[in-house]
Amino acid sequence: MYRSVTCGQLRMTDVNSSAVLAGWVQRIRKMGGMTFVDLRDRYGITQLVFNNDVDAALCDAANKLGREYVIQVTGTVRERYNKNRNIPTGDIEIEVNSLNILSTSDTPPFTIEDDSDGGDDLRMQYRYLDLRRDCVRKNLELRHKLAFEVRRYLDSQNFLEIETPILIKSTPEGARDFVVPSRMNPGEFYALPQSPQTFKQLLMVSGFDRYFQIAKCFRDEDLRADRQPEFTQIDCEMSFVEQEDVLAIFEGMVKHVFKEIKGVEFEGEFPRMTWHDAMKYYGSDKPDIRFGMRFVEMKELTGGKNFAVFDSAEYVGGIVAQGCAAYSRKQIDELTEFVKRPQIGAKGLVYVKCEENGAYKSSVDKFYSQDDLACWAKECGANPGDLILILAGKKTATQKALCELRLEMGNRLGLRDKNTFAPLWVVDFPLLEWDEETQRYYAMHHPFTAPKPEDIPLLDTDPGAVRANAYDMVFNGVELGGGSIRIHDSGLQDKMFEVLGFTHEQAQYQFGFLMDAFKYGAPPHGGLAFGLDRFVSLLAGLDSIRDCIAFPKNNSGRDTMSGAPSILDDSQLKELQIKLDLQHPEAK
């Protein structure tokens, strides 16, 4: 054994005992005739002491150590003179009597500490070093605990963990597929699954009434903080259930996870909100309800006063920032520039300060009287000392911009505490969404989502008004998971494909195996998939899912450590019978 204990294990009860440790050199400090070395492993840090008066040769060897050397030491546990209350082993140290260098190290490109001097790109290039940092390691430990508790809960609910294929048939509905050429079938391609959707439905047809899988999924999409080209889902499906059954099971799972991992218990059922209300009051289908500032529609209150911006707008909406009437002109200008950013797209910002003396000061007070502004304040529920912020324009775009402004104010006012968890079910989504460019409907979730039974007749008369039997679980403004009750009736599924613009031949080619399966007795079924990466990020208080993935991609979808994606040489392309129109300049 290279070690008898770990670097996070020893305590005062171990004083005077002998110990063998192995790990990485975190730092070295020389003080007179003493050399102190912090030794690190996955479990913690232990201070080593080398005394020149006791063993000069050993102390000299310690002085030649470098950061990240891998060493083994044997020594005696002693009580530490200058205790370190910041680490669990801070009461003790090891008086070393033998040192064995197991591996030397080049000087690391950045410090292996929580507050590292390495930028994101550098840390991703040397991710194997970044993973040595305590803060990153804790994220992966949390990921393990989450997966363990999910499995434990679902097993208790009679779910079976079943793997589904990674090489599947391309079904281009939704995000772009990653495709894989087949050498044995020239000119044909597999796709990597965007989710195990069709296979988990087939498992329901097969009689496995409760399935789950912690599944790898792949989507060729533009990246952002909560999106990677490959990600992990907690994928679940159940038979003989309605929406309430699914919500109850997975609300229970989330409560179990929070209790076991965070010690947080939620009282009662999670609140629910329809998609329509989420968009109306928050401009988002994943509203952050840790704080208020709900939208107030103000179009009817603002018209007819010759203020062209409001008169010509399809939508006028405002939010109330409590206690912000004292905002300076500079602060208001900062907010105006914020909403005018290209990614937000507002043309300007109107404000009303509700002053403590009962008067109102506004950027549009030459168009509106004090009585008008008082009417606005009453409609918005604003009190003296509050600030009303108003945007106007096209409805959808303006609600989106007002949503971003609301979140920005939440950040500025400290209302988005990462240690506060606000769950929400968003329900009654639209089944379909219209695309102007292609002049057709697309499934808002996927083609197998069931409509509300009472809305089925609208598929013939008003498809855009049909509500889906779908639901999302939202935490703190992040979609943690989503799912739906599925269509299990072949006739209704054929109708859905028709509304989506599929010919019978197209539907049969892409989804024929599932349609055929439905002919042999498909049970009512539904499910839900959680984003494992997002779940870990939420529990850890992270801003990006990259920080809880062992080897993530950057915003260009590249692994800067391994160099993926990379070019193929001509022999590989020839074997696959693929010819590139544009050869990479480095191709050989």
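**Labels and their cut-offs**

Tutor: Glu355 sits in the loop that joins strand 14 (350-354) to strand 15 (360-362). Strands here are DSSP runs of E with at least two residues, helices are runs of H or I with at least four, and both are numbered from the N terminus. This is a predicted model, in which local features need pLDDT of at least 70 and side-chain atom pairs count only at pLDDT 80 or more, while totals for chains, interfaces and linings use all residues. Residues are numbered from 1 along each chain as its sequence is written, and side-chain values use heavy atoms, with hydrogens and water left out.

Student: Why is Glu355 called partly exposed?
Tutor: Buried means under 20% relative accessible area and exposed over 50%, with partly exposed in between (1.4 Å probe, protein chains only). Glu355 has 29% relative accessibility, so it counts as partly exposed.

Student: What is Glu355 in contact with, leaving aside its neighbours within four places in sequence?
Tutor: Contact means heavy atoms within 4.5 Å. By that rule Glu355 is in contact with Lys361, Pro384 and Gly385. The C-alpha atoms of Glu355 and Gly385 are 5.3 Å apart, although 30 residues separate the two in sequence.

Student: Are Cys7 and Cys236 buried or exposed?
Tutor: Cys7 has a relative accessible area of 0%, so it is buried. Cys236 also has 0%, and therefore is buried.

Student: What makes strand 1 and strand 2 a pair?
Tutor: Two strands pair if DSSP finds at least two bridges between them. Strand 1 (residues 18-31) and strand 2 (residues 34-41) have seven bridges, in the antiparallel sense. Arg27 stands opposite Asp38 in strand 2. The closed barrel has five strands in the order 1-2-3-5-4, with mixed pairing.

Student: Which residues of helix 14 are buried?
Tutor: In helix 14 (residues 490-499), the buried residues are Leu492, Gln493, Lys495, Met496, Phe497 and Val499. They pack against strand 18 (432-435), strand 19 (440-443), helix 13 (458-461) and helix 15 (504-518). After helix 14 comes Gly501, with a positive phi near 90 degrees.
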